[in-house]
Amino acid sequence: MDISYRTLCDPPAPTTAVKCKLPFSSEICIATASETKLQIYTFRDQHLQLIWEKNFWAKIIAIFRHQNGDYDSLILVCDVSKIVVLQPRGGVDLQETEFHLFEADVNESRCIRYPTLAVIDPNDTCIALLIGGEVLYFLTLNQVDSFDVNKRPKVADGQHSKWETINGAVSFNLANDYNPPIHRVRDIKFLEGYNRPTLAIMYEPIPTWSVRLPIHKSTIAVSITSPLLIEREGSNIKDQSLSWTSRPLPHNSLTIVPIWVPHGGFLVLSKNAIIYMTHTSGLAFGLNQLAYLDDECPFELCDQASEPCEIFSTAYTILDSNHVLITVDQHKPAILTLHSNGIDITGMSLFVDNFEFHPSLFMLYKDNLIFGGSTIEDSILFELTYEYIEQEPSYIDTIALTDSQSKLYQLLYDSMPINAPRQIITSAKFSILSKIYQLGTVCCASPFINIHETAVQSHEDAISMALGCGFKKSGCLQYLRAAFTPNYRHEIHLADVTAAFASNKYKFVLFSTQNSTLVYQDFKDDTDSRRGIISTNEPTIVARDYIDGFVQITPTSVKLLDDSNVLFTWNPPNNKDIRQAAILGNFIAVLVDQQVLVCDEIEFGNTLSFAQVVIPVMAQTNKSPQIYKIAIYGDYLFMLQTNNTLHVYSLSNHEVICVFDQFRYFHDLFLKDSELISSFTQTSLVLDMNVIDIGTMAILTLIMKEGNIILYQFCPASATNDYAFKRIKTRKFTFSGRPNKYNSIVQFNDINGITGGFICGDRPMFLIGESGYPRLIPAPVGLYFTQFHTDFIFGDRQIVKLANFDNMKILETHIIGGCVIQRLHLGQTPRCMTFAAPWNSLVLFASYPTKFSHENEPDIDEEAKLTPHYQREPTPPREIEDTGLPIAYEEQYNLYVAAESGINNVLTLERHEVGYCVSFIHTSDNYQNPKSNLSEYLAIGTGFMCHEERMVRGRLAIYKGTLVQSEQQDVNEYKLQELFNKVMNAPVTNICEVDGYIGAFVGSQLQMIMFINEQDYKVASFLNGHFFSNQLLSMKNYLFYVDAFKGFQLIRWRKYGNKLITMAKDFQTFTPLSASLITNEGVFGGIVYDCAGNCQIFEIDEYAIPADSFVVRSVFHIGCRAISSGMFPIKKQVEGGTNDISGYFGWFVGDHGKIGIFAPIKSDMERRKLCVIQNAFEKTLDGLSHQEYRWGKFPLLKNAELISQSPRLVVDLDLLLDLLESQPDLQKTCTKALGRSISDVTPSISELYAIASIFE
């Protein structure tokens, strides 16, 4: 099967972050990493603004800053053992300057089971890199006042571009080079306050095993080592030893927290206690009563939390030498205070706040501002303030002293021993200043069509993706669209319009055609009285309000108008035509005979005076440059010469301030007076050019002759007279036709709070900001565009529409990952969902935590009719006081229907009952009649989560939806009528419909169920599987199920004889999560997603035996866990204008919101052509390898056969889109093997890209 892949949405989900000082921001920056994406934010105008972004072909594990002169360099730790160094370039960009790959003698599967750990020394001298839990690298960093670089050893293995920022490396094997050996490492951290790098290693000397825990709970230890990083006489750098090892620590210890000087030492965060240790002393703080009872703390507890709590998260940040911010009970921020007597830490106290946030990391930004990154909900920048009271010094309890000891103490000291004064925090305030909007953790997903009709208006086949995201109070429904869908207010039929212009001052609209201009008053009719003063017998180049009037520019004149009169008319000299024009603020620029003339004010007598822009002559030809494109931004005039040399002219100083003669080659960065490597290939002409202000930055937007869009960020620094252009790459397919001669790139301001630009064409796009960074968002239509008050006018060749973004106000709307997201808060955790098309509603299970209780329940399941029987008397339970124990919670499940009227709770499950699946099904009214009608029902499957007897049971319930009028006027909602409810002998984990039957997984058994007379059921057939099912798909009379333990099967249902026939089965894949079925022109196959982020792309050979029917064609790594996936039809227009289903494409949604599309390719020849280009482009990539990233990553050696499957057979559109945005020379090199140009390949890429256009 020939497959292509495309990432539809890649939202931020920061897993690591660092603050840094970079030249392109006056404020301290925050660099965050989300899987393969590096993003840099700055806090400006009370908002976190995204100012730099880049995708890498590797998973970013950690980011470190390294001070390099006035600014910082960034060091990325990627994949298993790859290091990338980024350094500032030109004050506006970051450039990859160094690459290292350290080869460790560790099995690759082990490196996946034990992810790489990386930390940096607080003195910025070295980085510790632990690979596969065994090999420890110390990478020394370049410093001015450091040791002699020549004495630092460098490893010979691996790939190393150069040794500059990282100028040395030494490796150790924790099991072989240390005595005693170190195994099963959990965490590593550098400690504070040491002259030499000192590393603390948390590991398990004894394996933690649940069976061993009752007799051995302390299985963790922390050891400290200080490596020798330079060669010295009389010493071997490989001679390493552990300088100190702690006492045994609780088995549930999570992480090490180094404490700042002057105290030093470190904290160990465990589930039930916080332990502080130094080389010579230590103490512990209990979080709940289990710290006394179950855990074996090595020190006596100095105090205990006032309310019992537990630690599950390793996120923390040091606020100062006495305060640490941590998280308890999954979501509650807590401030840990260290109390000292001026020398040692003598106690701890904990303040817990009720502010709910689920962090993946905390980072102190500056002062009391803290960045909280999250993969579950939106990341935030918040201000933390707290109040405290001073606790007076108190006498130490002397009851333990004998009389003689007390008398001796009184003789030696003036007074009895006292405790030092302590600060006790009494209150805290968490004030959110800004958010990075994210999808968060996705629990479930489903495509749907037009639930909120006022919010989603588009063509008939357009669909949205409903995502159940978040956890607890952050839970929400999010509706994803890949395009903006405006709110249409009015439309008129008007043919052959090429451009539109509006006057907000005088409330009229001009529509330009190829040969004329039409005038409409208030977008209603063309009976406007201004037809006498508007030039209507020729097209309009540009028109807009200008100072106190209105200016219309046509090829033959510039007219200044007011409400009823022509104030002034200017005609170009020598009867030349105006080729192009631009109006912004007080400036008017026109292009006449390849010369630019500018007017910057209305002179006395309402006259316009134009002066020619003087451009220095070219040294090569001794002639004035010939200009063919102009644009205005602020007081800058941009002029593009015929050879694509860019001139930037100051309209205030009336001089050319910089010339970029290499602009014709469209490099990634242009700096003033910089020398770039010239290219022998010149790109084609620029068809249109404009500068779009998105509110945070100016974007020079170019439309090329081939139809692609090129974006550059304009970076002016007038104080230093430095100017630069930085290329913005979007990974969007932007090739389209340009229908009109003028005005294809239009600026708009504050339309329902949105500022940006519109790019007209056959594939129109909005250019707007996501957290201040430019994004291209497709629009439904738009051959022309203009703003009209707070609305906008756009349309196609037949219809002109008046629209706005009022529909975005119905639900909370954001741009996330380049897509339009509408958010509906639930306040609960979504669990599973389905789309009920006849109801035009989403049906979903959601849950909220409640205290676990066995009150008022029988001890034995009544249906089981069991009585306890013991061979001997059971051991009496241990008596434990309820006070001080952590609270046990369970989830209370509810069933909701989300419709246009809102979200309604239609069903509440019993206590301890879990909703596993919900499905909208169609069943046969008469199973004896093959042509009987199908009835629509809602089916749910549940399971019980308490009592040994009930845990193996579940429930199948079937409901009919009834439309009733709600309490709100003119609003209807669905109520459920229960038709069938039966307790099954196992949990019901998946339900689907197959040819009028119900396919349900009951425990490990697939059952085909007949629903008879809306009241009874009968099992027509069954098939035993391995374990519970993760997903069950059906297509016609085929079923495909993914086993939760291992393997998957394809089954054919034959109604005649009621038989389930296994067509193909696989038992190699461990822990598969979900699957998609894909068909194309008779080829049947699919994709299975596993828990390591791999996709197995397979075909099905119907004529082979079941064990060999699955033919794996490729293994492809997507970089996330596909929590939800499915398939959707590909529709092709046939004769008569109807759309027929020509196949199915697969989609998936990752755990952090990544959405991808796998689409079939129509022919093997097309795939081969694109793969040749793809492989050629791969060879040009320096450093990080696309192929290595896409290669299968399996944590078990049992999958060795799958590891050998190559990802090269998959056409990766992400890579090809990067090629389309690369240098022309590189494009020519990659297509040379085919003997074609890049323009010959773009139609094939466009066809594959358009498959997912139904989300637009």
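**Figure 1. Helix α8 and its packing partners.** Helix α8 itself covers residues 1224–1231, and its buried residues are Pro 1224, Gln 1227, Cys 1230 and Thr 1231. Look down the axis of α8 and these fall within an arc of 125 degrees, so they line one face of the helix. That arc is taken over the directions from the helix axis to the C-beta atoms. Helices (H or I, at least four residues) and strands (E, at least two) are DSSP runs, numbered from the N terminus.

This is a predicted model, so local features need pLDDT of at least 70 and side-chain atom pairs count only at pLDDT 80 or more, while totals for chains, interfaces and linings use all residues. Residues are numbered from 1 along each chain as its sequence is written, and side-chain values use heavy atoms, with hydrogens and water left out.

**Figure 2. A four-stranded open sheet.** The strand order is β2-β3-β4-β5, and the pairing is antiparallel. On the edges sit β2 (16–20) and β5 (47–55), each pairing on one side only. Neighbouring strands here are turned by 25 degrees against each other on average, direction ignored; the axes behind that angle are lines fitted to C-alpha atoms. Two strands pair if DSSP finds at least two bridges between them.

**Figure 3. Zooming in on β2 and β3.** Strand β3 takes in residues 29–34, and five bridges join β2 to this antiparallel neighbour. For a landmark, find Val 18: it stands opposite Ala 31 in β3.

**Figure 4. Val 268 and its surroundings.** Val 268 belongs to strand β20, residues 266–270. Its relative accessible area is 0%, so Val 268 is buried. Leaving aside residues up to four places away in sequence, Val 268 touches Met 202, Val 222, Leu 249, Ser 253, Thr 255, Ala 273, Ile 274, Ile 275 and Met 277. A contact means heavy atoms within 4.5 Å. Pro 258 is 10 residues from Val 268 in sequence, and their C-alpha atoms are 8.9 Å apart.

**Figure 5. Stepping back to the chain.** The protein chain has nine helices and 90 strands. Of its 1256 residues, 57% count as buried. Among contacts with a separation of 6 or more, 56% come from residues 24 or more positions apart.

Technical notes. Buried < 20%, exposed > 50% of the residue type's maximum accessible area, 1.4 Å probe, protein only. Axes fitted to C-alpha atoms, helices over the stretch in contact; angles between N-to-C directions.
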